[in-house]
Amino acid sequence: MPETSFAEISLLLLICAVIGGLFVKLRQPALIAYIVVGVVVGPAFLGLVTAHEPIELLAKVGVAVLLFVVGLKLDISHVRHIGPVALATGLGQLAFTIIIGFGIVMLLGKGMMEALYVAVALTFSSTIIIVKLLADKREIDTLHGRIAIGFLIVQDVAVVIAMMAMSAMRGAEDAAVINVIASLVGRIAAAGVLLFVAMRYILPRVIAMMAQSSELLLIFAIAWGTALAAFGEWAGFSHEAGAFLAGFSLASTGYREAINARLTGIRDFLLLFFFIDLGSKLDFSTLGDEVVPAIVLSLFVLIGNPLIVMTIMGYMGYRKRTGFLAGLTVAQISEFSIVFVAMGITLGHVGIEALGLTTLVGLVTITLSTYMILYSHPLFSRISPLLSVFERKRPFREIAVEQQVVIDERPEVVIFGLGRYGRRLLAELHKNGMPVLGIDFDPETVKHLRKDNLPVQFGDGEDDTFVDGLPLSKARWVVTTLPLVEANTGLMHAIRASGFSGKIAGVVRDRTHGRMLADMGCDRVFNLFEDAANYAVGIFTAPHSPSSERKD
């Protein structure tokens, strides 16, 4: 009954808003709240969900839009510049997690196909959650942030390939493996040719016409995504793979950001129904048997995945801190993991028990890893001595970047953090003839500023060894514009340990941060917003001078 379905969905949205608000207050991802809502309103507890068909339809559209947005972000130019470390780390983490995870699941007494699905699901980390957390911490443009985003892209590509591969096995249990592989390669090749023709000759003209209206552009994007999703399912792949390719086909157009901005809210809204549908279908009579396996696999994801990343990055010449911070971003499984296993149920490869196990692992790892990433710097400070095994005696890759600049003179001012404020301060002091040196942990920022002939150096201000090697003997001031209290705590400790005897100035955006810096021994604190407001008040309240009066 339509009226009943409408009222039911309205009630579900209201419950999601309330519980979602509570989870946001607890600094937890909203998707956990949605799964909790699905569990609570499902047959295990309140039994409020009866409109299964409309909710399931909305859930399928939500997954299609999610994969479309992921494909939309995968610009070909970005793929070319992922870099060797992101590619090696991404592929290495995928391979080792699948092999080790498969062995663990088999030891837990599961079947081979279930072990394969769960092991693959354990490799995928949530790009949405990680990007959100890194953005909130202002670490997107740090070295570990860029590397993490790089291997998350590798994972996003891998999940689509995995979906295609598993879809190709539909009804092919009796077929030879070579036939399945040949069929998959053939369909991928055909899809690639059709996609190339569409991207080269058709889509640029169509989307340029649609872009004349922002509403029409949004409708076209959704129509294109769902159409290719349906075509992908018809062609023997999956609607998830088709939706991804639809997004990828538009990723190189000039309208990518506009489409993404308009789809974000719709994606989040529709994806809500996927997690509600998922939670409402969980059978708690089977989940009871999955608690112990879920704990074992959760520990593997929370500890094993970061260790795999740290091992690979340490071997490639990165410091243990960079490897640790990047490794934490794979300490959880993602919504794609659940989508992937749910697809396996649809294809008849695995049972509902595999979905319950994956969901439990997702709930545990997403919740705990969120806190691990939020408090990554204090966590690293506590366990740093235990992580030396993951660092070469000479981390050559980071040292090579640090030594690319030669400092000709002893700076009087050293600035840590070259964001908008830091780089402007560096440029103005350099312009006025002040011997100054800028330090930043983002290699791209360092590269761009060097092109402007500014004295900058790549480095980590929280690394005692790096700070001790800086020319601080004649410096009168050290200025920190780092946005995080934890980062400034490490920097202050490193500066004092180096024997620096000058003064330290801190640039903050709120009073709480300013008070903390003062308590740590900062000699001068600049509050960006308060100082700017005070300066403006001085201008507005100053007596009018004849030269400042407007002449008609």
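Which residues in helix 5 meet which residues in helix 6? T97, I98, G101, F102, V105 and M106 of helix 5 meet M112, A115, L116, V118, A119 and V120 of helix 6. Contact here means heavy atoms within 4.5 Å. The model is predicted, so local features need pLDDT of at least 70 and side-chain atom pairs count only at pLDDT 80 or more, while totals for chains, interfaces and linings use all residues. Residues are numbered from 1 along each chain as its sequence is written, and side-chain values use heavy atoms, with hydrogens and water left out.

By class, the contact of helix 5 with helix 6 has 10 nonpolar, two polar and no charged residues. Ala, Val, Leu, Ile, Met, Phe, Trp, Tyr, Cys and Pro count as nonpolar, Asp, Glu, Lys and Arg as charged, and the others, Gly among them, as polar. Helices (H or I, at least four residues) and strands (E, at least two) are DSSP runs, numbered from the N terminus.

Helix 5 (residues 84-107) and helix 6 (residues 112-121) pack at an angle of about 140 degrees, and their axes lie 8 Å apart. Helix 5 is therefore oblique to helix 6. Axes are lines fitted to C-alpha atoms, for helices over the stretch in contact, and angles run from 0 to 180 degrees between N-to-C directions. Angles under 35 degrees count as roughly parallel, over 145 as roughly antiparallel, 65 to 115 as roughly perpendicular and the rest as oblique.

The structure holds two cavities of 30 Å³ or more. On a 1 Å grid over the protein atoms alone, a cavity is a set of points where a 1.4 Å probe fits but cannot get out; a pocket is an open set with protein on both sides within 12 Å along at least five of seven lines; lining residues have an atom within 4 Å of a point. Grid points are joined across faces, edges and corners, and a volume is the space filled by probe spheres set on the points.

The largest cavity has a volume of about 40 Å³. Its lining includes L134, E139 and H144. Four lining residues are nonpolar, three polar and one charged.

The second largest cavity has a volume of about 30 Å³. A64, V65, F68, A221, I222, G225 and T226 line this cavity. Helix 3 (52-72) and helix 10 (214-234) each give two or more residues to the lining. Helix 10 provides the largest share, four residues.

The second largest pocket holds about 900 Å³ of space. Among its 38 lining residues, R138, G417, G419, D440 and P483 are the closest to its centre. The lining has 13 nonpolar, 11 polar and 14 charged residues.
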